[in-house]
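The exercises below concern salt bridges, a pocket and a sheet. Each task is followed by a solution in steps.

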Amino acid sequence: VGAIRPGAHGRVHLTLATGGHPPPLVLRGDGTVEEVPVSGTLIGAVPEITVRPARVELAPGELCLLYSDGLTEARGSTSAFG
C-alpha cells in the first residue's frame, strides 16, 4: 500500500506499508540500492496485524521497486514454487 505526494524540484514523496510482502527497494541516482525499512504482519494470517510504514523521497530518475514473493500469485500445483 502506498501514497504518492509531489515534492519540490521534481521530487516525489512516498509513504509505503506492507502486509507481509518483501520490503520495496529504491535505486538511487548514484546506483546504490536501499531497502525501504517497512514491516508488517501477513494480512489474514493472524487475528491482529502490525504495520510499520516508512517514508521515502525519490529524486528525478530514481526508482522504487515493489515486488512480491509470488506465494499468492501461484496457481495450480506445488511445482509452481519450483
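**Exercise 1.** Which residues are linked in a network of salt bridges?

Solution. The model is a predicted one.
Step 1. Searching the whole structure gives three salt bridges.
Step 2. Glutamate 34 pairs with arginine 28, with 3.2 Å between the closest N and O atoms.
Step 3. Glutamate 62 also forms a salt bridge with arginine 28, at 2.9 Å from N to O. This pair joins distant parts of the chain, 34 residues apart: glutamate 62 is in the loop between β7 and β8 (63–65), and arginine 28 is in the loop between β3 (25–27) and β4 (33–35).
Step 4. Arginine 28 occurs in both pairs, and the network consists of Arg28, Glu34 and Glu62.

**Exercise 2.** Classify glutamate 34, arginine 28 and glutamate 62 as buried, partly exposed or exposed.

Solution.
Step 1. The cut-offs are under 20% relative accessible area for buried and over 50% for exposed, with partly exposed in between.
Step 2. Arginine 28 has 17% relative accessibility, so it counts as buried.
Step 3. Glutamate 34 has 36%, so it counts as partly exposed.
Step 4. Glutamate 62 is buried, as is arginine 28.

**Exercise 3.** Locate the salt bridge between glutamate 57 and arginine 11 in the chain, and describe the exposure of its two residues.

Solution.
Step 1. The two side chains meet at 3.1 Å, N to O.
Step 2. Glutamate 57 lies in strand β7 (residues 54–58), while arginine 11 lies in the loop between β1 (2–6) and β2 (12–16); the pair links distant parts of the chain, 46 residues apart.
Step 3. Glutamate 57 has a relative accessible area of 33%, so it is partly exposed. Arginine 11 is partly exposed as well, with a relative accessible area of 33%.

**Exercise 4.** Give the order of the strands in the open sheet, and state which stand at the edges.

Solution.
Step 1. The sheet has three strands in the order β1-β2-β7, with antiparallel pairing.
Step 2. β1 and β7 each have a single partner strand, so they stand at the edges, and one side of each lacks a neighbour in the sheet.
Step 3. On average, neighbouring strands of this sheet are turned by 20 degrees against each other, direction ignored.
Step 4. Five bridges join β1 and β2 in the antiparallel sense. Isoleucine 4 is opposite leucine 14 in β2.

**Exercise 5.** Describe the largest pocket and its lining.

Solution.
Step 1. The space in the largest pocket is about 210 Å³.
Step 2. Its lining has 13 residues, with Val1, Ala17, Thr18, Gly19 and His21 nearest the centre.
Step 3. By type, the lining has nine nonpolar, four polar and no charged residues.

Terms used. Residues are numbered from 1 along each chain as its sequence is written. This is a predicted model: local features need pLDDT of at least 70, side-chain atom pairs count only at pLDDT 80 or more; totals for chains, interfaces and linings use all residues. Side-chain values use heavy atoms; hydrogens and water are left out. A salt bridge is a side-chain nitrogen of Lys or Arg within 4 Å of a carboxyl oxygen of Asp or Glu. Helices (H or I, at least four residues) and strands (E, at least two) are DSSP runs, numbered from the N terminus. Buried means under 20% relative accessible area, exposed over 50%, partly exposed in between (1.4 Å probe, protein chains only). On a 1 Å grid over the protein atoms alone, a cavity is a set of points where a 1.4 Å probe fits but cannot get out, and a pocket is an open set with protein on both sides within 12 Å along at least five of seven lines; lining residues have an atom within 4 Å of a point. Grid points are joined across faces, edges and corners, and a volume is the space filled by probe spheres set on the points. Ala, Val, Leu, Ile, Met, Phe, Trp, Tyr, Cys and Pro count as nonpolar, Asp, Glu, Lys and Arg as charged, and the others, Gly among them, as polar. Two strands pair if DSSP finds at least two bridges between them. Axes are lines fitted to C-alpha atoms, for helices over the stretch in contact, and angles run from 0 to 180 degrees between N-to-C directions.
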